[in-house]
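Student: I would like to work through a structure with you, one feature at a time. Please give me the general idea first and then the case at hand.

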Amino acid sequence: MNFTQSFKLAVKSLLTSKMRALLTMLGIIIGVAAVIIITSLGNGMQKYMNDQFEEMGSNLVQAQVYRSWSSMDVTAKDMYALVEKYPQYLSGVTPYTSVQGMVRHGSDEYKRTSVYGVGETFYNSSKNSTMQGSKMGKGRFLSYVDVEREMAVCVIGSYLEKEAFGGDALGKTITVGGAPFTVVGVLEKSGDNSEGSADDTMYIPYTQADRLSSGSYLDMYLFTATDRSTAATAKGIVENRLYKAYQSHDNYFVLTSAEMMDAMDSMVNLLMAILTLIAAISLLVGGIGIMNIMLVSVTERTREIGIRKSLGAKGRDIRSQFIIEAGTTSAIGGTIGILLGIVVANVITIVIGAVVGTGSSDFHAVPTLQGIAVAFGVSVAIGVLFGYLPANKAAKLNPIDALRYD
Amino acid sequence: MEHLIEFKDIYKIYQMGDEAVHALDGVSLAIDPGEFVAIVGQSGSGKSTAMNIIGCLDVPTSGTYHLGGIDVSTMDDDQQAEIRNKMLGFIFQQYNLIPKLNVLENVELPLLYAGISAQERRERAVRSLERVGLSDKQKNLPSQLSGGQQQRVSIARALAGNPSVILADEPTGALDSRTGREVLSFLQKLNREGDTVVLITHDNSIAVKAKRIVRLQDGKVIYDGDSQDPQAVVQPEEEASEASEDGFGALVGEEAAE
């Protein structure tokens with residue numbers, strides 16, 4: 001019995017009872033679709049996060065230092081010195097102090113605006129980019145003089161400019177925790193220009209920030225490594241310096257963006273693996289459904305099996321016919337599942353895009369070719385595996401009994 | 001001369017609980033190429049068992065069966081399947097066509113299992129259908145044909161593999177008398193053309209169409225000879241009634257043979 005003949009026969013018998021075929025395949029369809037959707041979402045999420053990190057700079061090294069309020073404490077000057085000492089690994093550093101103070105303009109409060117105290121090195125004028133990838137829109141960034149002289153000036157994000165100043169902020173004043181700051185520059189839009197986004201920010205000289213949040217025990221520094229590949233070494237250099245200062249690992253925490261990215265990636269991967277496992281249970285149930293229907297089919301077609309055997313079909317001919325039929329059923333189910341999964345993943349992409357408003361780096365739930373291939377392969381394998389038992393039952397039928405079966 | 005079919009002291013014994021039922025009780029029989037033999041007997045006589053063994057669907061409990069010089073009495077299932085495929089053509093009472101396949105595909109089936117290429121399969125199936133006069137019905141499904149036509153398709157299927165023996169099990173049982181006669185005269189025609197035909201029936205009026213009659217009763221051959229001999233169609237009443245006196249045994253015997 002050759003393959004094409006069995007395949008044609010399988011398709012024929014599927015077409016003669018479409019409803020039953022669909023119900024048989026349903027488990028496989030749902031299982032495969034679930035796997036495709038989950039891997040697409042995970043894939044899209046990973047890509048989205050990676051894009052966000054890339055935008056921020058994959059060569060960033062972040063150091064958090066818990067002050068001990070003693071002579072041991074490192075200062076911004078120490079960090080600048082560190083960069084000068086290791087130019088082959090570190091290309092820049094800035095204090096990056098989060099300021100807890102209400103932003104006000106007139107009677108309006110901007111509760112979700114993030115305020116950071118930074119040094120002039122936060123912005124690289126030759127690349128026209130901040131360490132986190134934003135560009136200058138209008139005016140200028142903070143200067144060395146602003147920082148040294150503790151000038152009350154600030155650079156704001158495009159959202160704040162639009163909301164507080166109606167699009168013309170240069171030279172105007174905005175207050176943080178009651179202290180007035182003059183706007184000297186506005187950043188270009190980098191997020192989706194909404195409240196709380198990357199565009200709802202404000203940068204002031206870190207010397208000012210220290211004054212605003214005096215008593216804060218946490219200092220943050222952002223280093224840029226010369227390259228993504230040197231980020232790990234750069235991290236080591238910073239850690240060594242901090243250990244030398246505090247003689248303890250407990251006072252600081254250094255993290256590279258590559259590490260953060262890896263940590264996020266592995267989290268997403270774990271989540272995906274768990275969800276895929278759950279979806280795989282549905283595939284198993286689908287396989288059992290196929291086995292069930294194939295057993296019924298063998299009983300229904302006992303006479304046909306008897307006829308085939310009387311005409312010279314061997315046990316293996318009958319077995320392969322039923323296995324091919326089961327495999328074909330699950331392969332068609334798998335194909336439908338893959339298509340369904342792709343459609344649903346696209347719908348989810350559109351819905352997420354519309355609801356969340358993900359801004360410049362769009363979220364796309366894209367199934368991988370690899371994922372599709374595995375899903376298809378697994379569904380065929382399940383059909384063959386669960387088709388084996390019924391097929392074997394058919395192969396072992398006694399032709400005399402089978403011919404007499406009504 | 002070598003016999004085509006040769007039974008030597010064939011026994012087929014079924015164990016029914018504590019009772020051993022002898023469906024075939026020491027049958028010896030020889031059929032030569034070109035013969036047209038009817039195996040006749042009432043139900044329970046063992047003719048179905050004989051046909052199963054001749055058709056390589058079953059093996060005897062003891063004794064040897066040579067088909068075309070090959071000992072087939074001890075073969076396993078797959079070897080038997082191969083013999084059925086190469087040497088035997090079956091014609092059944094219920095036609096036994098596969099309803100989902102069209103006429104041509106049904107006739108091609110034995111050739112498919114013989115591993116013959118698609119093109120040759122098709123050519124031979126078409127030739128076979130021409131022989132039974134149904135080459136215009138190739139694409140029809142069995143359900144679209146009359147009973148007589150379906151039986152002719154099954155004859156075409158039996159002929160397609162070019163078998164040594166055509167084995168017809170009550171081929172007219174499901175047909176009206178006119179189409180039944182047509183089928184029989186077709187079998188006679190095949191025999192005249194050189195095919196060996198073995199017909200299994202309970203009906204004397206059908207059996208006499210064969211050249212030779214082998215009558216079975218209680219698993220034994222009670223007549224073997226020319227079909228035109230008046231003795232051939234005598235139903236041995238006394239023995240039959242004797243058997244029915246032993247009601248339980250007859251019943252069990254019938255069941256075993258069914």
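Tutor: Let us begin with salt bridges, a salt bridge being a side-chain nitrogen of Lys or Arg within 4 Å of a carboxyl oxygen of Asp or Glu. This is a predicted model, in which local features need pLDDT of at least 70 and side-chain atom pairs count only at pLDDT 80 or more, whereas totals for chains, interfaces and linings use all residues. Side-chain values use heavy atoms, with hydrogens and water left out, residues are numbered from 1 along each chain as its sequence is written, and chains are lettered from A and ligands numbered from 1 in the order in which they are written.

Student: How many salt bridges does the structure hold over all chains?

Tutor: Side chains of opposite charge can pair when their charged atoms come close. Over all chains, the structure holds 28 salt bridges. One of them joins the side chains of A:D219 and A:R67, at 2.6 Å from N to O. A:D219 belongs to strand β13 (residues 218-225) of chain A and A:R67 to the loop between β1 (60-66) and α3 (76-85) of chain A, so this pair ties together parts that are 152 residues apart in sequence; helices (H or I, at least four residues) and strands (E, at least two) are DSSP runs, numbered from the N terminus.

Student: Is A:D219 buried or exposed?

Tutor: By relative accessible area, buried means under 20%, exposed over 50%, and partly exposed in between, with a 1.4 Å probe and protein chains only. A:D219 has a relative accessible area of 8% and is therefore buried.

Student: What separates B:R124 and B:E120 in helix α4 of chain B?

Tutor: Both residues lie in that helix (residues 118-131), 4 residues apart, or about one turn of the helix.

Student: Which parts does the pair B:R212 and B:D224 tie together?

Tutor: The closest N and O atoms of B:R212 and B:D224 are 2.9 Å apart in their salt bridge. Because B:R212 lies in strand β9 (residues 212-217) and B:D224 in strand β10 (residues 220-226), both of chain B, the pair ties together parts that are 12 residues apart in sequence. B:R212 is buried at 13% relative accessible area, whereas B:D224 is partly exposed at 38%. Elsewhere, salt bridges that share partners join A:R301, A:E304, A:R308, A:E325 and B:K100 into one network.

Student: In what order do the 4 strands of the open sheet in chain B stand?

Tutor: Strands of a sheet pair through backbone hydrogen bonds, either parallel or antiparallel, and two strands count as paired if DSSP finds at least two bridges between them. In chain B the order is β2-β1-β4-β5, with antiparallel pairing. The edge strands are β2 (19-31) and β5 (70-71) of chain B, each of which pairs on one side only. Helix α1 (residues 47-54) of chain B packs on this sheet, touching β1, β2 and β4 of chain B, where contact means heavy atoms within 4.5 Å.

Student: How many bridges join β1(B) to β2(B)?

Tutor: There are 10 bridges between these antiparallel strands, and B:K12 stands opposite B:L24 in β2(B). The two strands form a hairpin with 2 residues between them, and B:G17 in the turn has a positive phi of about 65°. On the other pairing, 5 bridges join β1 (residues 5-16) to β4 (residues 62-67) of chain B, and in β4(B) the bridge partner of B:E6 is B:H66.

Student: Where is A:Q247 found?

Tutor: Most residues other than glycine have a negative phi, and most peptide bonds are trans. A:Q247 has a positive phi of about 55° although it is not a glycine. This residue is in the loop between α7 (231-246) and β14 (252-256) of chain A, and counts as exposed at 53% relative accessibility. B:E170 has a positive phi of about 45° and is not a glycine either, but B:E170 is buried, with a relative accessible area of 11%.

Student: What pLDDT does chain B average?

Tutor: pLDDT is the predictor's confidence in each residue, from 0 to 100. Chain B averages 87, and 90% of the residues score at least 70. Over residues 238-247 of chain B, however, the pLDDT is below 50, and this stretch has 6 contacts in the model beyond near neighbours in sequence. Where pLDDT is low, the predicted coordinates should not be read in detail.

Key
Axes fitted to C-alpha atoms, helices over the stretch in contact; angles between N-to-C directions.
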